[in-house]
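Then follow them to the partners and the pocket described below.

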Amino acid sequence: MRLEPKKKLMDDMGIKRAITRIAHEIIERNKGVENVALIGIRRRGGPLAQRLAERIEEIEGIKIPVGILDITLYRDDLTTLAAQPQLHRTEVFFNINDMNVVLVDDVLFTGRTVRAALDALIDIGRPRCIQLAVLVDRGHRELPIKADYVGKNVPTSHTEVISVLVSEIDGKDEVVIQDILKE
């Protein structure tokens, strides 16, 4: 399978604006951030959660807890990923009981990643509520999952891929849509 770049959907400034908007929406919906924690779904959800926390701190002057959730063992496609799936550490070093937890991910597609994250989160504790923030919602849900906060809605076909690049992992910030080319 080859991917061919089709269009840049967001540049670094577009991502920054989306993060700022989502930060304001989180503050408003939760009437402040007194009991709010952000947990990024490992890989790109982690840096996005950290950026959201930094932006919220700039706005509210309150530092909120941030964690990273590894969902590898909770995936329903674990056996198709690899013979030996790569496990990473979950880094949630605070009590989530009775907190308003905002799960953060880069792209919402079928909803299966979020379902796995919900299972992993419940194994850690019992939050008061769980909200979902995503940078891009591309549609095609297979499960009844809807994001509370969305940076950009992008209708896609099944022959397209949305790639979110973040400087912490990829060396640059951008969101691109690519076509899947059959070989």
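Asp70 sits in the loop between strand 3 (66-69) and helix 3 (78-81). Helices (H or I, at least four residues) and strands (E, at least two) are DSSP runs, numbered from the N terminus. This is a predicted model, where local features need pLDDT of at least 70, side-chain atom pairs count only at pLDDT 80 or more, and totals for chains, interfaces and linings use all residues. Residues are numbered from 1 along each chain as its sequence is written, and side-chain values use heavy atoms, with hydrogens and water left out.

Asp70 is buried yet has no salt bridge. Buried means under 20% relative accessible area, exposed over 50%, and partly exposed in between (1.4 Å probe, protein chains only). A salt bridge is a side-chain nitrogen of Lys or Arg within 4 Å of a carboxyl oxygen of Asp or Glu. For Asp70, the nearest side chain of opposite charge is Arg42, 4.7 Å away. Here Lys and Arg count as positive, Asp and Glu as negative, and His and the chain ends are not counted. What does the side chain of Asp70 make a polar contact with? The partner is the side chain of Thr72, at 2.8 Å. A polar contact is a pair of N or O atoms within 3.5 Å; within protein, one must be able to donate a hydrogen and the other to accept it, and residues adjacent in sequence count only if both atoms are side-chain atoms.

Side chains of opposite charge can pair when their charged atoms come close. The structure holds 14 salt bridges.

Glu174 is buried, at 11% relative accessible area.

Arg55 and Glu58 are three residues apart in helix 2, so about one helical turn separates them. Arg55 is partly exposed at 25%, while Glu58 is exposed at 59%.

Now to the second largest pocket. Its volume is about 190 Å³. The residues that line this pocket include Asp12, Lys16, Arg55 and Glu58. Helix 1 (12-29) and helix 2 (45-60) are the elements that give two or more residues to the lining. Helix 1 supplies the largest share, five residues. By class, the lining has two nonpolar, one polar and seven charged residues.

How is such a pocket found? On a 1 Å grid over the protein atoms alone, a pocket is an open set of points where a 1.4 Å probe fits, with protein on both sides within 12 Å along at least five of seven lines; lining residues have an atom within 4 Å of a point.

Lys31 has a positive phi of about 50° although it is not a glycine. Lys31 lies between helix 1 and strand 2 (36-41) and is exposed at 77%.

Conventions:
Points joined across faces, edges and corners; volume = space filled by probe spheres on them. Nonpolar A, V, L, I, M, F, W, Y, C, P; charged D, E, K, R; others polar.
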